[in-house]
Amino acid sequence: MRISGISIFAIILVVIAVAIAGCSSTSPTTPAAGGTPVTTTSAGAVSGGSSVPAAGSVVSGASIFGNGNYKWFEYKMTSKDMSSNMKMEISQDTYQGKAATHTKMTNTMTTPMAATTIYDMYVDASGASMGGHMKMISNGQTVMDQDIPPGDTSKAPKDPNTDKTVQYTFVGVEPVTVPAGVYPAAMKYTATIQGMTSTYWTAPGVPMFVKMVVKSTEGDITQDLVGWG
């Protein structure tokens, strides 16, 4: 069973929303070199003296994402039938003559076909999408080339199916190992977006999720953090 393009695009929108939330933060963070193992605090502990929420607590995305500055991050995305590398680059730019934060995502798929999709999104100071462009290249040929209309990609992303702000439920603390490092005190959350249940793991000192697993009727899609800086 193959993962549909709709599922992939929904995941990409989630990643963009998290990136935009991160752009608004001014808290410092220490970049991790891509693929260099990093060990955080001991299991059950949270850096900075923060308390662990009770299991079942509902929190906003802004409270768990966007806790640091960064210019890029990269994930490895895999499923039963697909594998790709997703890199996000963030910079200050202009769009249609107005100041904007430019988020450029390059998704390079290796299976089941070799294709590269580039998403250029621009947001204003409030985090609202100003629009952008999407292009896919396969075997040297452009197979998709279209504009992305303005929309709501605010710091509190909404589920397009319900128009309600996405809520994240805290599950617990457990260890996670990804290419970016070893995180024995990762914080586990779940959320439902576009009818798909996503599980996120965050870790002290990391400005975005270290791992995400999306469950859908088409199968699971996993994203592992490779690095950021």
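**Exercises on a predicted sheet and its rings**

Phe-73 counts as buried because its relative accessibility is 1%, where buried means under 20% relative accessible area, exposed over 50% and partly exposed in between (1.4 Å probe, protein chains only). The model is predicted: local features need pLDDT of at least 70, side-chain atom pairs count only at pLDDT 80 or more, and totals for chains, interfaces and linings use all residues. Residues are numbered from 1 along each chain as its sequence is written, and side-chain values use heavy atoms, with hydrogens and water left out.

**Exercise 1.** Determine how the rings of Phe-73 and Tyr-75 are arranged.

*Solution.* 
- Step 1. Rings of Phe, Tyr and Trp (its six-membered ring) pair if their centres lie within 6.5 Å; planes under 30 degrees apart count as stacked, over 60 as edge-to-face and the rest as tilted.
- Step 2. The structure holds 7 aromatic pairs.
- Step 3. For Phe-73 and Tyr-75 the centres are 5.6 Å apart and the planes stand at 80°, so this pair is edge-to-face.
- Step 4. Tyr-75 is buried, at a relative accessible area of 0%.

**Exercise 2.** Classify the pair formed by Tyr-200 and Phe-209, and state which cluster contains these residues.

*Solution.* 
- Step 1. The ring centres of Tyr-200 and Phe-209 are 5.6 Å apart with planes at 70°, so the pair is edge-to-face.
- Step 2. Tyr-200 is buried at 0% relative accessible area, and Phe-209 is buried at 0% relative accessibility.
- Step 3. Ring pairs link Tyr-200 and Phe-209 with Tyr-70, Phe-73, Tyr-75 and Tyr-168 into a cluster.

**Exercise 3.** Identify the edge strands of the open sheet.

*Solution.* 
- Step 1. The sheet has 12 strands in the order S1-S10-S11-S12-S13-S14-S2-S3-S4-S5-S6-S7, with antiparallel pairing.
- Step 2. S1 (58-60) and S7 (141-148) stand at the edges; each has a single partner strand, so one side of each lacks a neighbour in the sheet.
- Step 3. S1 pairs with S10 (residues 167-178) over 3 bridges.

How values were computed
Pairing = 2+ DSSP bridges. Helix = DSSP H or I, 4+ residues; strand = E, 2+ residues; numbered from the N terminus.
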